[in-house]
Amino acid sequence: MRKSSAILAALCVSVFVVGTSEYLVAGLLPQVARDLGVSVGAAGQTVTAYGLGVVVGGPVVTLLTARVPRKGLALSLMLLFAAGSAVSAFAGSYEALLAGRVLSSLSHAAFFALSLVVASRVVPEDRVGRATAAVVSGLTVSTLLGVPLGALLGERTTWRTPFVVLTVLALLGVALLAAVLPRQDAESAGARAEIGVMAQRPVLLAIATTAVGFAGVATVFTYVAPLLTEVTGFPAFVVSLLLLAYGGGSFLGNVIAGRLTDRAPAATLRGVFAALAALLAVTPFAITWKPTAVLVVLMLGLLATATIAPLQGLILRHAQRAPTLAVSVNVGAFQLATALGSVVGGVLVAAGALRWTGVAGAVLSALGLVVSCYALPSRPEDDAALTTESGTVTTA
């Protein structure tokens, strides 16, 4: 297991670097706007451009590289990310920054999907959920530490400095992956096999579960800061501490869900969505009292990332013959879920119903639960069979 642990650690570190880039610029918008002579709103479009690059570019890059050996592809994608970060760091214009952000985003979904597939191939089949959680923890730590530390560094120096650091870290990630990743052939016979597997009904339902169910989290979390200040009455500095606690809960929830996924993937996914729907439904009432508001934030953090391991594990098991495209599209589905949730929550906020975003979030999570029932077996014996149906190849 020592070799597989080193591989998972290298993938986790690399995913942390890539994940930090996604929302890093969001904390530096005023500096970017002043330096490049654009409005803060225009600077914010660099976040949108990155998200679109993940949703659209991820599947395209995955299809184009379906026949490329996995180790070489991982190194190439990290080099592409490093190049995009370098372009962003030294961008002399707004257009150049947009180009750098899009360039980096093209590697995001493809690298994350590849990391999950590689991780599932280097551990025994009864540890795939934990391996998935190990890779995903790179994303949770990037949200918990990478983004705020990068924003702090940018405030103390210049907004370009964090992108320089990301470039250096990406290159170090390349060296680390080159040292520990085993040589693996391409996962499929090519793009046709990837498309064929992704078009299967269980895979499409799993992706739909992600897009609809996770949107419930985004509906509330996108507006959690004003919710805690305007409805609960917390001062801004307390909200910052609560968001840090949310990040800690997210890390813990991801680890726990990974272990539970190995034991009962179907029950774990349905249980998480049911708990999310219930939590979001009581949020409008719990948020009015400070002690229960704190509990809501902690529980939301715990449950939000607990959806990732069982959802990605479901994709890996249903699409085991050629899983990379399906996992890449599912990564984009998380982006779409965030966008959908933000829009739904934004409509309610504009209507003066900030407190009631939890109700809309509960409806979306409940819909995710319903869809997941069609994507997953409903009988315990089928759940047990699902945990052993994937043909995992162990190199540890």
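**Surface patch and pockets**

Tutor: Start with the surface: F90, L153, V164, V165, V168, L169 and L172 make up a nonpolar patch with about 590 Å² of accessible area together. This is a predicted model, where local features need pLDDT of at least 70 and side-chain atom pairs pLDDT 80 or more, while totals for chains, interfaces and linings use all residues. Residues are numbered from 1 along each chain as its sequence is written, and side-chain values use heavy atoms, leaving out hydrogens and water.

Student: What counts as a patch?

Tutor: Patch members have over 30% relative accessible area and no salt bridge; like charges are joined within 9 Å, nonpolar side chains (Val, Leu, Ile, Met, Phe, Trp, Tyr) within 5 Å. A salt bridge puts a Lys or Arg side-chain nitrogen within 4 Å of an Asp or Glu carboxyl oxygen. Areas are Shrake-Rupley values with a 1.4 Å probe, and for residues only the protein chains shown count as cover.

Student: Which helix gives the largest share of the nonpolar patch?

Tutor: Helix α7 (residues 160–180), with five residues. Helices are DSSP runs (H or I, at least four residues), numbered from the N terminus. V165 sits in helix α7.

Student: Is V165 buried, exposed or partly exposed?

Tutor: Partly exposed, because its relative accessible area is 35%; buried is under 20%, exposed over 50%, and partly exposed in between (1.4 Å probe, protein chains only).

Student: And the pockets?

Tutor: A pocket is an open set of points on a 1 Å grid over the protein atoms alone, where a 1.4 Å probe fits, with protein on both sides within 12 Å along at least five of seven lines; lining residues have an atom within 4 Å of a point. Here α6 gives the largest share of the largest pocket's lining, nine residues. L8, R127, R130, A131 and A134 lie nearest the centre of the second largest pocket, which 13 residues line.

How values were computed. Helix = DSSP H or I, 4+ residues; strand = E, 2+ residues; numbered from the N terminus.
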